[in-house]
Amino acid sequence: MSPSWYIALVYFTICSSSRSVSTKELQCPSADDIAPCRCSVEEYNYIDCSDVADVHELARVFEADFPSNPFPQLIISNNHNIKHLPNGIFGDMSFEEIDIVSCGLQTVAKEVFINSATTLKKLILKNNKLDNKFDFDVLSEFSVLDYLDMHNNNITEFPVLDIPSLTYLDMWMNPITSLPDDVFGKMPNLTYVDLDMMDLEQLPINLFPIQSQLTKVLLSYNELTYLKEGTFAFQGDSIQEIWLMQNKITTVEAGAFSGLENVMIELWKNELDTLEEAVWRDLLDHNITIKVELNPLVCGCDVGWIVLNSEYHDQIGESTCNNGEYLVDLDPAWFTENC
Ligand SMILES: *[C@@H]1O[C@H](CO)[C@@H](O)[C@H](O)[C@H]1NC(C)=O
Ligand SMILES: *[C@@H]1O[C@H](CO)[C@@H](O)[C@H](O)[C@H]1NC(C)=O
Ligand SMILES: *[C@@H]1O[C@H](CO)[C@@H](O)[C@H](O)[C@H]1NC(C)=O
């Protein structure tokens, strides 16, 4: 064989073998086999079973021959005939993302998604009626689960999740009044936690003990009244926003927030009547922005330390006193004379 032929042959072999790797391209099953589910591998890759009549039809669909397993996404939305998902319903199919949303789903058998234990990155079960019977423990077997959205369900006991890979957790709008101690102690990679609009009355100490990549925490529209020392003791300097608006917070203890730098703390519409120097000065010195509009701040001598230090004024922005006056517009001369 001449050298040039040899090179051409080697080249051809390499190229065709790398092509055969990428020819493991995604394929849909036959449309007839899975009707009324629809499959797409065009712009988006999904199997959408929103039109199934009931779980029996769903089970029948997943008896079909699926050439690609795992498949990127399963969608079932706005289907009120799917209230219970029994084990085995998805045959031996596995997915990277599962969205079962707005279905009035009530129960999910423990092993329903287990075939996806090593593939599932995103699990979205929002706007259903799932309650404490949902088995959160089984999720610890999902080794690449990154994103969990269970918002607007009927869960009353917050689960202690053991999902080390999780970065995004959305539990807003579940009727939960308290969080267990060390609730996030097994999820070091959390970056976003949404606990808005639950019925939280109090928070445990040291809510985020090991999170060094957390950027945003949402705790607005709850029933919080009191923030104890050590509640938010952050690791690293990843945190950017802490949302606590529309609670009933009357008291923030010194040291309730620590380890913060360049963070925005949103306290709009709470019940604070004072901004004590012992609580807030150290935070303002670390470039924290606090938003305290619509709190009943008395704005007496207790806020003199802010009024008289104009370098803090940008950080309290449009915060108002209970008479509607902007804190930053208060007359420094009055504070020098009277306090
Ligand atoms: C939520 O769960 C409670 C029991 O914990 C039950 O009484 C209530 O009907 C449920 N609400 C909905 C909307 O399913
Ligand atoms: C956590 O994040 C780090 C860095 O992004 C990554 O290397 C690690 O694998 C993640 N841990 C888990 C359990 O996924
Ligand atoms: C202060 O924090 C804000 C974000 O809240 C950031 O944009 C700004 O650069 C920070 N300033 C300094 C001096 O670090």
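Biologist: In this predicted model, where does Cys299 lie?

Modeller: Cys299 sits in the loop that runs between strand S18 (289–291) and H5. Its phi is positive, about 60 degrees, although Cys299 is not a glycine.

Biologist: Why is Cys299 called buried?

Modeller: A residue is buried if 20 or more other C-beta atoms lie within 10 Å of its own. Cys299 has 23 C-beta neighbours inside 10 Å, and therefore Cys299 counts as buried.

Biologist: How do you know whether Asn152 is buried or exposed?

Modeller: The cut-off for a buried residue is 20 or more other C-beta atoms within 10 Å. Asn152 has 20 other C-beta atoms within 10 Å, so Asn152 is buried.

Biologist: Which residues have the most contacts inside the largest nonpolar core?

Modeller: That core has 88 residues, and those with the most contacts inside it are Leu105, Leu166, Ile242, Leu244, Ile265 and Leu267. Several elements each supply at least two residues of this core, among them strand S2 (45–48), helix H3 (55–61), strand S14 (241–243) and helix H4 (277–285). The largest share, four residues, comes from S5.

Biologist: What makes such a group a nonpolar core?

Modeller: The members must be buried residues of listed kinds, Leu and Ile among them, joined through C-beta atoms within 7 Å. In soluble globular proteins, nonpolar side chains tend to be buried together.

Biologist: Which residues does Ile265 touch?

Modeller: Leaving aside residues up to four places away in sequence, Ile265 touches Ile242, Leu244, Phe257, Ile288 and Ile290. These count as contacts because the C-beta atoms of each pair lie within 7 Å.

Biologist: Which residues are around ligand 3, and how many of the shell are polar?

Modeller: The residues around ligand 3 are Asn262, Met264, Asn287 and Thr289. By class, this shell has one nonpolar, three polar and no charged residues. Met counts as nonpolar, so Met264 is a nonpolar residue of the shell.

Biologist: Which form, cis or trans, does the peptide bond from Ala35 to Pro36 take?

Modeller: The bond from Ala35 to Pro36 is cis, with omega near 5 degrees. Pro36 lies in the loop between helix H2 (31–34) and strand S1 (38–41). The peptide bond from Asn69 to Pro70 is also cis, with omega near 10 degrees, and Pro70 belongs to the loop between H3 and S3.

Note on methods
Residues are numbered from 1 along each chain as its sequence is written. Chains are lettered from A and ligands numbered from 1 in the order in which they are written. This is a predicted model: local features need pLDDT of at least 70, side-chain atom pairs count only at pLDDT 80 or more; totals for chains, interfaces and linings use all residues. A residue is buried if 20 or more other C-beta atoms lie within 10 Å of its own, exposed if 12 or fewer, and partly exposed in between; C-beta atoms are placed from the backbone. Two residues are in contact if their C-beta atoms, placed from the backbone, lie within 7 Å. A residue is near a molecule or strand if its C-beta atom, placed from the backbone, lies within 6 Å of it.
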